[in-house]
Amino acid sequence: MAPLLLFFLLFPFLQPTKSHSTHHHTNPPLSRLYNNSVLLDDQRVTFHWSLSNSSISLAAQSARKSNYLAIGFGEQMKNSYAYVAWTERHGKCHVRSYWISGRDASSIHHTSEDLTHVVCVSISGIISFEVTRPLVPSCTGRIECDNIIDPMKPLSVIWSMGNEWSGTHLTEKNMHFAMSDQPEPVFLLSGLARKERDLGIILAIHGFFMFVSWGILFPGGILSARFLKHADGNLWFRSHQYLQYSGLAITFVAVILAGFGLGGFYFYSSHVKFGTVAILLAICQPINAYFRPKKPETGGTGTNIRVVWEYAHGITGRVTVVFGIVGLFTGLKHFGVAHDSEIAERLTWGLVLWILISVSVVLYLEFKELQRRRRERNFSEANWELGELDDDELVDLLEADEL
């Protein structure tokens, strides 16, 4: 009798504990599964994410009990894309994506986003969910096709939570009891959520340094090699080296600034790709200059390999500057999209004006160079024709020409 009585007393504790979770409690914390995480506005919701080349895995977890948790991408819930996790009465947890066009329940529209690795968990009323989605939806003609995530831009993240949600019949009762006061700009590449102004200042300095390098120093080095070779001594060579090495040094400083601001180096955008090619070509120039073939003695003719090297070095330098200038334009475009489009547009027109002025100066220098070479050729021909005259006769003839 005693064993039977003991069994009935312990029976409730021997049964498995019911949980409102689709996963066991021993799942690892979300912070261990994702590369980045931030506390959103009011520090009630934690947002996690990891990036790949073509997709983003994101997760959210509330800090208080609720029956639904919504994460939205936008400046406010109206006109935003949202991911909502909610629990039914029997404890099952769901996740769906929505387009929100207004402030009432009829403005919440279910979308058919391509979501994978969907996980929804509710433990003691604390909801967390995970989804993976492409950065660029592979569809056209539907509202969710415009839900594009650009890792180079700050992503405005908002949240809300409430007591009731329905996947089919939404009513005015499905309203939130808590929501974010303002969007949190999350910089997906750097893993940081901080004010746009801070990053904007860093990237503005990065852009200015890049303009000094690719808009002034590198082109100046090419022009010195092109138009100063007739000057006395090695002025052209010293100027060429100084300007090119200075451009490289400032470029490296600018790259370090961008890496510090973004929290790393990434190759998602056309700006970074053009810039990387330009920098690699710029690094190759002093290397191939070090291994340049020996210059022939005075009066000798250049070897074929020396001539080939000179053409290759010159052409590579010009191509490098072209890639760098394209990098300046694409950088301004990204800056305008992410921070201030009006300032970026003005700077773009300023860069165009600078390039037009520079091209005009180059054309003028080319014209003057042609004149100088023509004078030298005429002078050489005159010396050759007058070579049989005595020195006194040559002086008299030259003085007569001046008169």
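In the predicted model, strand β4 (residues 68-73) and strand β5 (residues 80-87) pair in the antiparallel sense, over 6 bridges. Ala70 has Val84 in β5 as its bridge partner. The hairpin formed by β4 and β5 has 6 residues between the strands, and Asn79 in this hairpin takes a positive phi near 65 degrees. On its other pairing, β5 is joined by 8 bridges to strand β6 (residues 93-100), and these two strands run antiparallel. Here Trp86 stands opposite His94 in β6. The hairpin of β5 and β6 has 5 residues between the strands, with Gly91 at a positive phi near 100 degrees.

Strand β5 is mostly covered, since 8 of its 8 residues are buried. In a regular strand, side chains alternate between the two faces of the sheet. For β5, both faces are covered: Ser80, Ala82, Val84 and Trp86 are buried on one side, and Tyr81, Tyr83, Ala85 and Thr87 are buried on the other. Tyr83 also belongs to an aromatic cluster, together with Phe47, Trp49 and Phe73.

An open sheet of 5 strands has the order β1-β2-β3-β9-β8, with antiparallel pairing. Its edge strands are β1 (36-39) and β8 (116-123), each of which pairs on one side only. On average, and with direction ignored, neighbouring strands of this sheet are turned by 15 degrees against each other.

Ala225 lies in helix α2 (residues 196-227). With a relative accessibility of 18%, Ala225 counts as buried, the cut-off for this class being under 20%. Ala225 and Phe237 are 12 residues apart in sequence, and their C-alpha atoms are 6.6 Å apart in space. Phe237 is partly exposed, at a relative accessible area of 25%. Helix α3 comprises residues 235-262 and contains Val253. Val253 is partly exposed as well, with a relative accessible area of 39%. The C-alpha atoms of Val253 and Met210 are separated by 9.2 Å, and the two residues are 43 residues apart along the chain.

Helix α4 (residues 270-290) has 21 residues, which at 1.5 Å a residue should span 30 Å; the end C-alpha atoms are 31 Å apart, in agreement with that value. Its buried residues are His271, Val272, Gly275, Ala278, Ile279, Ala282, Gln285 and Ala289. Seen down the axis of α4, these buried residues fall within an arc of 140 degrees, and they therefore line one face of the helix. The face turned away from the buried side carries the exposed residues Leu280 and Tyr290.

A pair of aromatic rings is described by the distance of the centres and the angle of the planes. With ring centres required to lie within 6.5 Å, the count comes to 12 aromatic pairs. One of them is formed by Trp236 and Phe237, which are edge-to-face at 5.5 Å centre to centre, with 75 degrees between the planes. Another pair, Tyr290 and Phe291, is edge-to-face at 5.0 Å centre to centre, with 90 degrees between the planes. Tyr290 is exposed, with a relative accessible area of 67%, and Phe291 likewise counts as exposed, at 62% relative accessibility. Trp236 has a further contact: Lys229 lies over the face of its ring, at 4.9 Å from the ring centre.

How values were computed:
Residues numbered from 1 in each chain as written. Predicted model: local features only at pLDDT ≥ 70, side-chain atom pairs only at ≥ 80, totals over all residues. Heavy atoms only, no water. Phe/Tyr/Trp six-rings, centres within 6.5 Å; stacked < 30°, edge-to-face > 60°. Buried < 20%, exposed > 50% of the residue type's maximum accessible area, 1.4 Å probe, protein only. Lys NZ or Arg CZ within 6 Å of the ring centre and 35° of its normal. Helix = DSSP H or I, 4+ residues; strand = E, 2+ residues; numbered from the N terminus. Expected span 1.5 Å × (residues − 1). Arc of directions from axis to C-beta. Pairing = 2+ DSSP bridges. Axes fitted to C-alpha atoms, helices over the stretch in contact; angles between N-to-C directions.
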